[in-house]
Amino acid sequence: MTVTRSRWLAVGLLLTPSAGWTQALSGRWDHERYRHDALRYDIGISLPDTGSQISATVVTRWKLSGAGPIVVDLDDAMTVRAASVNGAAVAWRRLGDQVELPLRDTRGEATTSLSYDGVPLEGNGLLLRGAGATRTAFGDNWPNRAHLWIASHDHPADKAAVAWSVEAPAGYSVVANGTLQHVDTLPGGRVRWRFDNPEPIPVYTFVVGMARLAETRLAPACADRCVPVSVWSYPEDSAFAVDGPFHRAGDIVAFFSQQIAPFPYRELRHVESSTMYGGMENSTAIFYDEKAWRERRTRESVVAHETMHQWFGDAVTEADWHHVWLSESFATWGANLWAQHAYGDSAMRAGMARERDEIIQSPATDQPILDSTITEKWRLLNTNTYQKGGWLLHSLRGLIGDSAFFHGLTAYFREYQHKNALSSDFARVMGRAAKQDLTWFFRQGLLQPGYPVLSVTTALAGGGLTVTLRQTQKAGWGLYRIPNLALLLDDRRVRVKLQPATVTRVRLPWHGPVPERVSVDPDAWWLLTVTGDQ
Ligand SMILES: [Zn+2]
């Protein structure tokens, strides 16, 4: 998702310094586990013309683990009316915001059905607003607000296919995950919309939207195959969308399809909605903030960010909330990759430079990207998991080169498509692609706070030039290693190994006077700053 700038400040100020950076790359810190595995949800939901009362029946197919009852997340504002397991009514039990369904046999597979109704917590999960022509309903789940209206395993580690059967008043358009199967007219001025999304997706991207929306079909995105791409907006906002930020929405899908792997789903919709985020990457149906859209502030970079999420975040999903950089950093970096493709190297460099400044100014920089001390999920959305992880990917590209980098990115995607991954999985695949051990790189980049703050001096000695690099960052940030740091000494380019030590001295063969200008990392591959006395 994308977060507005004012929210960064609010998020940043909540952070407190602490040292949790010795944890491993495969740490699972959120302590949320389920016994059984949800394979598919068939969600029937009825949306009202007025008010906020909903009713739903969620039929779930489970792969059973051989132990204990099935426990699903469902907010206690929802009143359960009926429950069954394999077609037989069961005595369900309420456990706060969960419902327990007894199992007679805990092996193999089972199908459960849970019917409930209620008013979802206001402004959360399912947003029901307005009346008549301005009536809208939009899901908005990140991080774990799906269970406020959907009985589910509300955690990214338990991905599942989803089919929707949405009953809505006549006269509205409905969007949901996957492809539209049928639209049936029902008695009483109601319409039933059926969607099916057979690929497993994270529950936080399960959505429906209902509003008076105009659909604009864009040219399909054709790479290996053609993916339908459309824009759904309030009618008065469609011209702006199609001429402005979504003008190249199909090209973005085609570009990432070629650069990474085929688009992981069957189609893609961009939807004007009442999400609290700038954009929210719901699988196949990306929701954008209607306020920004109406004020003509929606940017192509947000479209690129959310589109990249369809690969990273949606199709490959972090197995634990604390590894959310596997989603957000990839999308943040992906927007810069698109900018490089569409507008040239300078556009990508400008984006990276802007994000470097945001990292440097953020209090989150005193924490590592993998920060096990965070217990409040909102606080995981910070400059570490967006911009700084994006810089990690950029530096990795510079370190191992485009060929190994993109080969590795594709290999990682293919291995974990429709599954979950941890940071250690990404590190392993990239190391394999680069044919080198990159553990040091990922430990440094993910478990150390801060970045190198360098000072550089040069001196002639014994017919050569001694270059002295000092790491002057805060002690708590630790020392950094950069094996291929480029220096521009006047017009001469050299590469040096920055050692993980306070002082690195390098002797270079040199003729002539001491260089007047020393530029560190002139192509800006590394997140670092230079201070000092040169
Ligand atoms: Zn995002």
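Is Cys-222 buried, partly exposed or exposed, and what is its relative accessible area? I looked this up first. Cys-222 is partly exposed, with a relative accessible area of 40%. I keep in mind that this is a predicted model.

**Entry: the disulfide**

I then turned to the partner of Cys-222. Cys-222 forms a disulfide with Cys-226, and the two sulfur atoms are 1.9 Å apart. A disulfide is a covalent bond between the sulfur atoms of two cysteines. I read 115° about the S-S bond, and the link of Cys-222 and Cys-226 is right-handed. Cys-226 is partly exposed too, at a relative accessible area of 45%. I counted the disulfides and got 1.

**Entry: the zinc ion**

Which residues coordinate the zinc ion? I found Met-1 (N), Met-1 (O), His-305 (NE2), His-309 (NE2) and Glu-328 (OE), at 2.0 to 2.2 Å. I noted the spacing of the donor residues in sequence as M-x303-H-x3-H-x18-E. Met-1 lies in the segment before helix H1 (5-13), while His-305 belongs to helix H5 (residues 300-309), so this pair ties together parts that are 304 residues apart in sequence. I checked burial next. Both Met-1 and His-305 are buried.

**Entry: aromatic pairs**

How many aromatic pairs does the structure hold? I have 32 on the page. I picked Tyr-41 and Phe-206 to look at. Their ring centres are 5.5 Å apart and their planes stand at 80°, so the pair is edge-to-face. The cut-off I used for that is over 60 degrees. Tyr-41 sits in strand S1 (residues 37-46), and Phe-206 in the loop between strand S14 (190-201) and strand S15 (208-211), so the pair ties together parts that are 165 residues apart in sequence. Tyr-41 has 0% relative accessibility and counts as buried. Phe-206 also counts as buried, at 0%.

I took Trp-325 and Phe-330 as another pair. Their ring centres are 5.7 Å apart and their planes are at 50°, so I wrote this pair down as tilted. Trp-325 and Phe-330 are both buried.

What lies over the face of Trp-440? I found Arg-481 there, at 4.2 Å from the ring centre. I also looked at Tyr-172. The charged end of Arg-212 sits over the ring of Tyr-172, 4.7 Å from its centre.

How values were computed: Residues numbered from 1 in each chain as written. Predicted model: local features only at pLDDT ≥ 70, side-chain atom pairs only at ≥ 80, totals over all residues. Heavy atoms only, no water. Phe/Tyr/Trp six-rings, centres within 6.5 Å; stacked < 30°, edge-to-face > 60°. Helix = DSSP H or I, 4+ residues; strand = E, 2+ residues; numbered from the N terminus. Buried < 20%, exposed > 50% of the residue type's maximum accessible area, 1.4 Å probe, protein only. Lys NZ or Arg CZ within 6 Å of the ring centre and 35° of its normal. Donors = N, O, S within 2.8 Å, 3.2 Å for Na, K, Ca; no water. Disulfide = S-S within 2.5 Å.
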